[in-house]
Amino acid sequence: MPVEVGQQAPDFTLYNTEQKEISLKDLTSKSNVVLLFFPLAFTGVCTKELCSARDDISKYQKLNATIVGISVDSLFALGKFREEQKLPFDLLSDFNKDVATKYDSLYEQFPKFGLKGVTKRSAFVIDKQGVVKYAEVLADASKVPDFDKIKEVLENCGQ
């Protein structure tokens, strides 16, 4: 069932690349949150997407937003990817696919390579009350989220 604007975001707890548990509830207690689900680390479009967020990190910080990337990669692969790309935000491993399933962001079969259970490229903005303010689930993995729209939504979320 799709996650829709106006509903409470499904809570979750996942491990980051430092093997620390991160929960949505903890994140939203401090700031608005941008969840970026991405298919696979080290791939061209995923690198472009996350580096775009990296390059605009000061804009997100001014909008009181915390960015978090989520994929089904292991936390060890994500750690190497984060290090190589110098990403200043957490990458969380949804290796068991529980969170991607809750957010209806999982391919039954990824368009390339015949892989099953790969994260769909998706973006969600969640305010400090845990309410979904923006939801974009892309059917085409070669596309990236509408970052201008995400920033516009964040401007209206309040600090």
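**View 1. C46 is buried, with a relative accessible area of 1%, and the model holds zero disulfides.** Buried here means under 20% relative accessible area, exposed means over 50%, and partly exposed lies in between (1.4 Å probe, protein chains only). The cysteine sulfur closest to that of C46 belongs to C51, 11 Å away, which is too far for a bond; a disulfide would need the two sulfur atoms within 2.5 Å. C51 is likewise in no disulfide, and at 10% relative accessibility C51 counts as buried.

A word on the model before the next views. It is a predicted one, in which local features need pLDDT of at least 70 and side-chain atom pairs count only at pLDDT 80 or more, while totals for chains, interfaces and linings use all residues. Residues are numbered from 1 along each chain as its sequence is written, and side-chain values use heavy atoms, with hydrogens and water left out.

**View 2. E18 and R82 meet through their side chains in a salt bridge.** The N to O distance is 2.8 Å; a salt bridge is a side-chain nitrogen of Lys or Arg within 4 Å of a carboxyl oxygen of Asp or Glu. E18 sits in the loop between β1 (13–16) and β2 (21–23) and R82 in helix α4 (residues 75–85), so the pair ties together parts that are 64 residues apart in sequence. Helices (H or I, at least four residues) and strands (E, at least two) are DSSP runs, numbered from the N terminus. E18 is exposed at 52% relative accessibility, whereas R82 is buried at 19%.

**View 3. D56, K59 and K151 are linked in a network of salt bridges.** Between D56 and K59, the closest N and O atoms are 3.7 Å apart. D56 is buried, with a relative accessible area of 17%, while K59 is partly exposed at 45%. Another salt bridge to look for joins the side chains of R54 and D55, at 2.8 Å from N to O. Here R54 is partly exposed at 24% and D55 is exposed at 52%. In the whole structure, a search finds seven salt bridges.

**View 4. V34 and I150 have the most contacts inside the largest nonpolar core, a set of 24 residues.** Such a core is a set of buried Ala, Val, Leu, Ile, Met, Phe, Trp, Tyr and Cys residues joined through side-chain atoms within 4.5 Å. Elements giving two or more residues to this core include β3 (32–37), α2 (44–55), β8 (122–126) and α6 (147–157). The largest share, four residues, comes from α6. Leaving aside residues up to four places away in sequence, I150 touches V34, Y60, A123, V125, Y134 and P145, where contact means heavy atoms within 4.5 Å. A second, separate core of 19 residues includes F37, V68, V99 and A100.

**View 5. Strand β8 is covered on both faces.** S122, F124 and I126 on one side and A123 and V125 on the other are all buried. Five bridges join β8 to β3, and these two strands run antiparallel; strands pair if DSSP finds at least two bridges between them. Within that pairing, V33 has I126 as its bridge partner. Five bridges also join β8 to strand β9 (residues 132–137), again antiparallel, and there I126 stands opposite V132. β8 and β9 form a hairpin with five residues between them, and G130 in the turn has a positive phi of about 85 degrees.
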